[in-house]
Amino acid sequence: MSGAALGLEIVFVFFLALFLLHRYGDFKKQHRLVIVATLLAWYLCFLIVFILPLDVSTTIYNRCKLAVNSSPAESNGSYVTLAPSKQKCFKPWSYIPNGIMPIFWRVVYWTSQFLTWILLPFMQSYARSGGFSITGKIKTALIENAIYYGTYLLIFGAFLIYVAVNPNFNLQWNQLQTIGIAAANTWGLFLLVLLLGYGLVEIPRSHWNGAKRGYLLMKTYFKAAKLMTEKADAEENLEDIMEEVRKVSESIKYNHPLRKCVDTILKKCPTEYQERMGRNMDDYEDFDERQNSYPSEKSLVKLHKQVIYSVQRHRRTQVQWQILLEQAFYLEDVAKNETSATRQFVHTFHSQEPENKIIQYFYTPTVEWYWECLLRPWFYRVLAVVLATFSVIVVWSECTFFSTKPVLSLFAVFIQLAEKTYNYIYIEMACFLTIFFLSICVYSTVFRIRVFNYYYLASHHQTDAYSLLFSGMLFCRLTPPLCLNFLGLTHMDATISHKNTQPTAYTSIMGSMRVLSFIADGFYIYYPMLVVILCIATYFSLGTRCLNLLGFQQFMGDSEMTSDLIDEGKELIRREKRKRQRQEEGENRRREWKERYGNRDDSTRNRVVHTDQKESSFSETNTNRSLSKYTRSNGRTERDRIELLQDAEPLDFNADSINDDPLESDSGRYQPGGRYLSMSRSKIFDDV
């Protein structure tokens, strides 16, 4: 099994990162370099989290071998090893041979740092650039990142001057490397505590609130109202941008030097707008060089960037609206089925996607009713209690992990108890659960936060390239300090435990933080205590209340604005539900009509034709009159039949629905006073 566990986890983590990236990214539409760079960043960060417990168990085994081989009273500085001569060390099942882990950590760490500080910021600017050539995009990316790179070079220079001026340090390459690592970890730890304080409270609370009856439904109504506003704004913005594109396309003709740039912009527009602009454009008209009303290439670059952003935002809001509707309909079905006497889950609408036959066989309506109406709320409550317990342990350990005598960090106590018996399975499981919970609290916050429309991770393949690359940057900057914080909580870091024992391979790659004592003995130890203040602020929703006061509507149960948005969202969902019900009823009526009267139409048509032939034999004078008479009758019958088969949406007596009715502009019957009835004739037969 030597090295087998490492190989299995490497393969498993790769498919895990690939699955998550497929959920948020779009492999078909986004550039391959963006997908590869984001996948590599996510993969390396997840790999550190999953491999670190194996490093801990291997380090404990190596310490045991050193203790057995050393003399019973051999002193190693301030730490004395007291090992009985008869002690035997058992090799862990996931033991990794010496020399592999240092090389592995060195490759993983420095690759992730190269991605987060150099490559990914450059790719972000390149992806958002509206240039029409590779050279133009690279130039824009370099200009935008000049200030970015200059700032970090200034910070690194400040650390370098501090070490050079201090007479206690002899400046060497290893110390320079340690200074760079310390600067990166300091920045990451600053952001880590902020995200961790939010996740430790919000994750258990969200699961507890999810078990409440009607809570998720009210929150879905609130999201529907906000999303409808965003959706309308995205549609209006897209219309404005497409109007500018239309004007540019009409002004720049086929033989203009900038026509290739306009064609590139048109390819990024939605299909319906491309067809509309193609019909209204006359490419055979030459342009006049004497006119000065043509846009410049710089303005076209700006327009290209706006088109990419507006189209992506419009597509995302459309998909999110459909997903939110399905979620709202399902939650309403859950609320209705809670009082069902048959104990079988009944759906209002059938699923639009084909379901797996295996899932249908096991997940029957009865099983679904017991899970959704009975078991799921209790499962969420138990899970919320377990997560809250973990959060309390983390907060306590963050405030006390610097204490070594006595050991107050609960995670350190658990690891040291298991280390005495060399129970490697327990050690790896305890380490994995600890670091996995910390990672969930931090990473879930990264997936939840939204910085206006610049950074937003949207599921169902709706995340843009800029947000994917930005998330990769955050993961690469947060994971190393997260792992160092975990090693400090478990006292596996010699800087915290103050013992001259063999360090983990991960800690040896980081170097000794003693080079910067004010960071190693000050910032790294006392700054994580701020997580208590952040947890209290999150528990009382101080951040949510501040955003609400600033005009960013947040879901708050005691807010009047929240109640208004819930009522608005409820009405929107009700309107969409009526619309879908009418569509299904129309399809059912059309299907029943075809099944019941489909054969009669052929016989009626033959009977009318036979009657026309019989009437035409009387006289030549009455032929035209009879034919015109029966032709009108036949036309009326045919028109009525077509209108009965037509799937027209019935008129909803609502001002909004009347204005949004696509059949409103159809011509109708003439009314006295010279007015036409603006309603389709097919609505007469909607109740048939």
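## Overview

Helices here are DSSP runs of H or I with at least four residues, strands are runs of E with at least two, and both are numbered from the N terminus. The model is predicted. It contains 22 helices and six strands. The protein has 688 residues, and 40% of them count as buried.

Take the contacts between residues at least 6 apart in sequence: 76% of them join residues at least 24 apart. The exposed surface comes to about 39,100 Å². Carbon and sulfur atoms supply 60% of that area.

## The loop at Phe27

Phe27 sits in the loop that runs between α1 (4–24) and α2. Its relative accessible area is 34%. Buried means under 20% and exposed means over 50%, so Phe27 is partly exposed at 34%.

Which residues does Phe27 touch, apart from those up to four places away in sequence? They are Leu18, Leu21, His22 and Ile35. A further pairing spans much of the chain: Phe27 and His461 are 434 residues apart in sequence, yet their C-alpha atoms are separated by 8.3 Å.

## Thr38 in helix α2

Thr38 belongs to helix α2. With a relative accessible area of 1%, Thr38 is buried. Beyond its neighbours within four places in sequence, Thr38 contacts Leu21, Leu468 and Leu469.

## Helix α12

Helix α12 covers residues 410–421, twelve residues in total. From its first C-alpha to its last, α12 reaches 18 Å. That is close to the 16 Å expected at 1.5 Å a residue. Phe411, Ala412, Ile415 and Ala418 are the buried residues of α12. Viewed down the helix axis, these buried residues fall within an arc of 135°, so they line one face of α12. An α-helix has 3.6 residues a turn, so residues three or four places apart point the same way.

What do the buried residues of α12 pack against? Their partners are α2 (32–69), α11 (365–400), α13 (424–448) and α14 (465–489). The other side of α12 carries Leu417, Lys420 and Thr421, which are exposed. Just past the end of α12, Tyr422 adopts a positive phi of about 55°.

The structure holds twelve salt bridges. One of them joins Glu230 and Arg316, whose closest N and O atoms are 3.3 Å apart. This pair links distant parts of the chain: Glu230 is in helix α6 (residues 215–251) and Arg316 is in helix α9 (residues 297–337), 86 residues apart. Are these two partners buried or exposed? Glu230 is buried, and Arg316 is too. A network of salt bridges links Glu230 and Arg316 with Arg450.

Helix α9 takes part in another bridge. Arg580 pairs with Glu326, and their closest N and O atoms are 2.7 Å apart. Arg580 is in helix α20 (residues 560–615) and Glu326 is in helix α9, so the bridge ties together parts 254 residues apart in sequence. Arg580 counts as buried at 12% relative accessibility. Glu326, at 33%, counts as partly exposed.

Arg259 is buried at 6% relative accessibility. Asp263 is partly exposed, with a relative accessible area of 33%.

## A nonpolar surface patch

Which residues form the nonpolar patch on the surface? They are Val451, Phe452, Tyr454, Leu547, Leu550 and Phe552. Together they have about 620 Å² of accessible area.

Phe452 is in the loop between β3 (450–451) and β4 (455–456). Its relative accessibility is 53%. The cut-off for exposed is over 50%, so Phe452 counts as exposed.

Conventions: Residues numbered from 1 in each chain as written. Predicted model: local features only at pLDDT ≥ 70, side-chain atom pairs only at ≥ 80, totals over all residues. Heavy atoms only, no water. Expected span 1.5 Å × (residues − 1). Buried < 20%, exposed > 50% of the residue type's maximum accessible area, 1.4 Å probe, protein only. Arc of directions from axis to C-beta. Contact = heavy atoms within 4.5 Å. Patch = residues over 30% accessible without salt bridge, like charges linked within 9 Å, V, L, I, M, F, W, Y side chains within 5 Å. Areas by Shrake-Rupley, 256 points an atom, 1.4 Å probe, with all protein chains shown as cover. Salt bridge = Lys/Arg side-chain N within 4 Å of Asp/Glu carboxyl O.
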